[in-house]
Amino acid sequence: MKLSEIKELITAEVLCNEEMLSMDTTCAFGSDLMSDVLALSCKDTILITGLTNIQTIRTAEMLDIKCIIFVRNKRPDEAIVEFAKEKGMCLLATRHTMFTTCGILYSNGLKGVDMD
């Protein structure tokens, strides 16, 4: 699924790196626990979270996650957006809850990541 389709499905705003919306992704993972995110092994994963701190960007960087969706109208501050931009990550923000965001994406064919 293309990030542009995800953006439309969840009525998200692009916070940085809009040029990445043509990128494809195969699966998503929703969590506010970065320790759980570190256990991921799926390639081309997008992260769905409500955490807007620098640790979220650093965790995503470690796993080569190229897109983070912030839920519940949460928005990182400008310094964090700039850091993500430098790291080549597309940041999206939606008003939907994590549950609703995951449900919309799953019902439209995006796979979830199962923990082994």
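1. A residue is called exposed here when its relative accessible area is over 50% and buried when that area is under 20%, with partly exposed residues in between. The model to which these terms are applied below is a predicted one.

2. The surface carries a patch of negative charge, in which D77, E78, E82 and E86 gather. Of these residues, D77 belongs to the loop between β4 (67-70) and α4 (78-86). Its relative accessible area is 46%, so D77 is classed as partly exposed, because that class lies between the buried limit of 20% and the exposed limit of 50%.

3. Most residues other than glycine have a negative phi. R72, however, has a positive phi, near 60°, and for N73 the angle is likewise positive and near 60°. With a relative accessibility of 34%, R72 counts as partly exposed.

4. Where does V37 lie, and is this residue buried or exposed? V37 is part of helix α2, which spans residues 34-37, and with a relative accessible area of 0% the residue is buried. Between the C-alpha atoms of V37 and C16 the separation is 22 Å, the two residues being 21 residues apart along the chain.

Technical notes:
Residues numbered from 1 in each chain as written. Predicted model: local features only at pLDDT ≥ 70, side-chain atom pairs only at ≥ 80, totals over all residues. Heavy atoms only, no water. Patch = residues over 30% accessible without salt bridge, like charges linked within 9 Å, V, L, I, M, F, W, Y side chains within 5 Å. Areas by Shrake-Rupley, 256 points an atom, 1.4 Å probe, with all protein chains shown as cover. Salt bridge = Lys/Arg side-chain N within 4 Å of Asp/Glu carboxyl O. Lys, Arg positive; Asp, Glu negative; His and termini not counted. Charge placed at Lys NZ, Arg CZ, Asp CG, Glu CD. Helix = DSSP H or I, 4+ residues; strand = E, 2+ residues; numbered from the N terminus. Buried < 20%, exposed > 50% of the residue type's maximum accessible area, 1.4 Å probe, protein only.
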